[in-house]
Amino acid sequence: MILNFLLLFLTAMASGLVVFFSPVFRERYFKLVLVFAGSYLFSITVLHILPELFSEGFSHARMGLFILIGFLLQQVLEFWSSGVEHGHIHKHSSETSKGVLTLMLGLFIHAFLEGTLLSHGAVVGAESQDMVGHNHSNQSVLLGIIMHKGPAAFALAAVLSASLSKRWTIILLTLFALASPLGMFFSSWFIHNGLLSKEGISILYGLVTGGFLHISTTIFFESSPHHKFQLNKLLVTFLAAGLALISEYLM
């Protein structure tokens, strides 16, 4: 759990700090990174997370409902964050404090919920494992969240640095970097202390899965807004899907 905490935190911090050392923003390459991360996240959701959610004996119809709610919830969070979590970089020099607050609120909630998906790794071998049933400790899911956090942290730092001082940008970046690790920590604590029922855990994971589906599909749609064939993006998509297959079935 400590290792996962550090990986999540340091990945976001390092990716965000790149903004201060990158004099020229290469949107073309950034979009390819986004497509790779989005393709991997989508693949892991389909290969790993969804099959587990629907194999736990929970009502399939109700689970589908919670996944849909998570999808729609992410739409609301995206309204607050302006899509920074899937790579939107809007530089507004006149960004207001209210705008920064809603941006951080949307991103923090999203990242916090993502971290809960890794909470099962903290209870493996414990008595509560039988209650939880999920096996999201698989490193393929951790890798997917890490790859998603990197571009999101970079985009956040780019947006903040356009209207705030370097000091405040780093402070808010640190807050964002802590969100997913805190989500993992607090959900693990609730599970250990029996404060989260099996049904509650399934509902929580369903909501997060819906958010993953929203983010990953949005990246796909936005990478080719005019539906033009782009070989490099197609190759990156297949490469990421291949990595997801390897990490899920061979590692």
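Two residues are in contact when heavy atoms of each lie within 4.5 Å. In this predicted model, residues 24 or more positions apart account for 85% of the protein chain's contacts with a separation of 6 or more. The chain comprises 9 helices and 0 strands.

**Overall architecture**
- From the N terminus on, the order of elements is α-α-α-α-α-α-α-α-α.
- Of the 251 residues in the protein chain, 49% are buried.
- The protein chain exposes about 12,200 Å², and carbon and sulfur atoms supply 69% of this area.

**Nonpolar cores**
- The largest nonpolar core has 32 residues, of which Leu 117, Leu 118, Val 141 and Phe 212 touch the most other members.
- At least two residues of this core are supplied by each of helix 2 (27-53), helix 3 (60-81), helix 6 (139-161), helix 7 (166-192), helix 8 (198-223) and helix 9 (231-249).
- Helix 2 provides the largest share of this core, with 10 residues.
- A second, separate core consists of 28 residues, among them Met 13, Ala 111, Ala 153 and Ala 157.

- Ile 67 is located in helix 3.
- Ile 67 counts as buried because its relative accessible area is 9%, and the cut-off for a buried residue is under 20%.
- When neighbours within four places in sequence are left aside, Ile 67 is in contact with Leu 50, Leu 53, Phe 54, Gly 206, Gly 210 and Leu 213.
- Ile 67 and Ile 203 are separated by 136 residues in sequence, while their C-alpha atoms are 8.3 Å apart in space.

How values were computed:
Residues numbered from 1 in each chain as written. Predicted model: local features only at pLDDT ≥ 70, side-chain atom pairs only at ≥ 80, totals over all residues. Heavy atoms only, no water. Core = buried A, V, L, I, M, F, W, Y, C linked by side-chain atoms within 4.5 Å. Buried < 20%, exposed > 50% of the residue type's maximum accessible area, 1.4 Å probe, protein only. Helix = DSSP H or I, 4+ residues; strand = E, 2+ residues; numbered from the N terminus. Areas by Shrake-Rupley, 256 points an atom, 1.4 Å probe, with all protein chains shown as cover.
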